[in-house]
Amino acid sequence: MREQIERQGFSYATLADPNTLAFARADAAGWIRTLPLPAIIDEAQLVGDLPLVLKEYVDSLPGDVSFVLTGSASIGRTGLGGADPLARRVRRMTMWPLTAWELADQPGSIVDLLFDGQPLVGSLDDADDQALAQDLLVGGFPHMRFPGGQQRFRSGWRYETIRSDLAAILSDKVLPDARADSGAAHSLLDGLLRNPGGILNVAATAGRVGVNPRTADRLISVFARLFLLHWLPNRATAASHQSIARAKIHPGDTSFSVESFRRAGIALPDDREAFGAVLESHVVNQLIAGASWAQTFTTAFYWRDAKSQREVDLVFEDDRGRRIGIEVKAAGTVHPRDLDGLHALQKKLGLYRGFVVYTGAELRLLEEDVWALPVSVLHDASAFAPPRPPAIREGRKTPMSAVPAPDEKSETADTDATVFLSYVHNDDDRLDGNIVRFAKETVDHYDFLTGNPLRLIWDRNDLTWGENWARRLEAFAETTTFLMAAVTPNFLKSEPCKEEVLDFLAAAKRSGDPKLFLPIVWVDVKDTDVVPAADPVLRAIDETQQLVIEELWRRTPGTPQWKDAVHEAAEALRKTITHRASAAFMPRTTAETVEDFDPDAPGLLDALANPEFQAAADAFKNAMEDIGELFTAAPPVPQQPNAAAAAMIDLGRNLQGPIADLDYATSRLGAAWEQIDSAVTKMVAVMSRSDDEPLRHELVDTLTGLRQSLELPGTEDLSAQLKMMGSFSKHLRPMSKSVSAAIRLLASVRAAADGWLTQLS
């Protein structure tokens, strides 16, 4: 600060000076008034009430008054009942330790490149483990990076300096309002520093180092204020439940952990587990620091799913809803299992891009929008082609699945239409890739028939396009866009696939062309019981002209039957495109859409006000609760097999009446829901083109309430339990089947409502 702005007219005062500190603590208001303005106040955290006094002073002066407060701990987070006294008057900046990017004098921020740059496949510098371990020891503090004299060559000097720094930081002088036993503080800090990237369990950590859990909880907050530690919340946890508990803890600088490991007799990189943990913290710290000056505004998390135990080390989410995941591996190769966490995150929340940072030398594409990045990219901007100009990027690329493969035609190509393929990845694997192959051959055959190309975009990893589909379709407003759906029982069970269909159909209705949906039926689902008859996606398939190729999965590509089916699909595309291009086709306006409504069909308010729907919903909930209560009241299952079998027979007999009630309630609710589904679909089609924001918000609130009215907590766990129960005894299978059907109906309702809400928003 003195180097940069004192010479611009700022006065400078430091509270590290004992006399100045004594004056400021005795009379902070009087001391502030002695400072020539504008002023720099260094080590401002040493006077606890300084921010509050400064607030009063600044508010009493006319015009703008500039103070710069610096310190080795966070400033002004206490007072006013815990509120920040400087709220709305201050801009806070965290000066992270120097990053490899800064030390190499690279332009911009690596975080911007991770979001919008194009990784350039090729060889980079590999990371020698010994050199990397030394880099982790040195860390990023300037006095460690640029020591004087011959000290830079002595590792022993670095260890001694780190230890001395930590001892000084944990003294009473730095945070006079946070007193603690120095021995307990150092023990707890060591326990945390030796578990970098670990998920915090305060009680367990406190127990290991012999510190009271309450004391440990308070000390961890002190460590964070002193920039010794920082933490990432779990993105899988609801925002209202996010706290430091179960957060991932990282050292403020990797040198802290390396020095602590050394005192414990652990040397890097010999101990691969410790080496990998510190490397994770290194990458996290480098990227979070880079985010602080990036043009892309982001929030940082980690992600861990409690059920599957899948985890992603670092997740950035920007203000446009794009999400990137970064995994860190202390290995020179990347194994397919290293992508498990990214795949799980994609299925749960969606993923824009994924990266695996490792110690190898090859920057390579692992799968669509997932790259292996050598750790050397942290100091090498040449590993990325620069982001496109903002004016081009405004269209917002769809996450992962909607990005064309390198051999696909670009968006600017002169294409007749764009075809989106939606399918279940496991189905394609089961058919040896024939689902994707069929779609590709259909597009190629269309080119053969017409001399004009189509553009195919497909989801290679059962990923979800979700809310960005509407924007994607708008980008192709002057072409026909199709959804080619590979229909199987698994497709109807896949929530991501169903969301894609519902979002796409909503967009098709807005354009006035219902022929945009092209179901390719690989397995006949007319009599399937995987979803109820009222399922909106199943109904859409039944009501749409479809191509049934049920026998094709047994055929070898290239056979006459295969070629006939490819020709039929290409012809269907050609006829629709020709129809759209003809003068006879004109997209319908909102008014024309309203006029097309059946005058005798119930409107949205009529459907919602219909007492039958509420009665059906109540009966449905009661039937589900009856079964739950019966299970709760049932006596424990005996251990002896014969007695257990007899108990299952009795339980199955007692369930017969509740099962019949549930089957009737499910059928009744499905019929009532079908009326509401039709009315809402029409209303949403109208509102999607309307500029009446108050009415739109009212409809969103109504649909949100409708969705919540049918929420039954714990249905996912219940479904898994029922499958197990059905396997346990045949006498419980009728119950398992009935409850599963009821749960699928609820899932269909949620999928439809989510599709409407996405369309309206």
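The structure holds 18 salt bridges, a salt bridge being a side-chain nitrogen of Lys or Arg within 4 Å of a carboxyl oxygen of Asp or Glu. The model is predicted: local features need pLDDT of at least 70, side-chain atom pairs count only at pLDDT 80 or more, and totals for chains, interfaces and linings use all residues. Residues are numbered from 1 along each chain as its sequence is written, and side-chain values use heavy atoms, with hydrogens and water left out.

One of the salt bridges joins the side chains of aspartate 116 and arginine 322, at 2.7 Å from N to O. Aspartate 116 sits in helix α5 (residues 110-116) and arginine 322 in the loop between β10 (311-318) and β11 (323-328), so the pair ties together parts 206 residues apart in sequence. Helices (H or I, at least four residues) and strands (E, at least two) are DSSP runs, numbered from the N terminus. Both aspartate 116 and arginine 322 are buried. Buried means under 20% relative accessible area, exposed over 50%, and partly exposed in between (1.4 Å probe, protein chains only).

Arginine 163 pairs with glutamate 259 in a salt bridge, their closest N and O atoms being 3.1 Å apart. Arginine 163 belongs to helix α8 (residues 155-169) and glutamate 259 to helix α12, so this pair links parts 96 residues apart in sequence. Arginine 163 is partly exposed, at 36% relative accessible area. Glutamate 259 is buried, at 1%. A further salt bridge connects arginine 235 and glutamate 317, with closest N and O atoms 2.9 Å apart. Arginine 235 lies in the loop between β7 (229-232) and β8 (248-251), and glutamate 317 in strand β10; the pair therefore ties together parts 82 residues apart in sequence. Glutamate 317 counts as buried at 16% relative accessibility. Through shared partners, salt bridges join Arg163, Asp190, Arg194, Glu259 and Arg263 into one network.

Helix α12 (residues 254-263) also packs against helix α6 (residues 129-138); their axes come within 6 Å and cross at roughly 110°. Axes are lines fitted to C-alpha atoms, for helices over the stretch in contact, and angles run from 0 to 180 degrees between N-to-C directions. The two helices α6 and α12 are therefore roughly perpendicular, a term for angles of 65 to 115 degrees. Leu136, Leu137 and Val138 of α6 meet Thr254, Ser255 and Val258 of α12, where contact means heavy atoms within 4.5 Å.

The largest nonpolar core has 72 residues, and those with the most contacts inside it are Phe223, Leu287, Phe316, Ile326 and Leu373. Helix α13 (residues 272-291) supplies the largest share of this core, nine residues. A second, separate core of 53 residues includes Ile541, Ala623, Ala672 and Leu732. A nonpolar core is a set of buried Ala, Val, Leu, Ile, Met, Phe, Trp, Tyr and Cys residues joined through side-chain atoms within 4.5 Å.

Backbone geometry was also examined. Most residues other than glycine have a negative phi, and most peptide bonds are trans. A cis peptide bond joins leucine 37 and proline 38, with omega about -5°. The bond from leucine 268 to proline 269 is also cis, with omega near 5°. Proline 269 lies in the loop between α12 and α13. Phenylalanine 227, not a glycine, has a positive phi of about 65°. Phenylalanine 227 is partly exposed, with a relative accessible area of 35%. Aspartate 369 has a positive phi near 65° and counts as buried at 5% relative accessibility.

Definitions and conventions. Angles under 35 degrees count as roughly parallel, over 145 as roughly antiparallel, 65 to 115 as roughly perpendicular and the rest as oblique.
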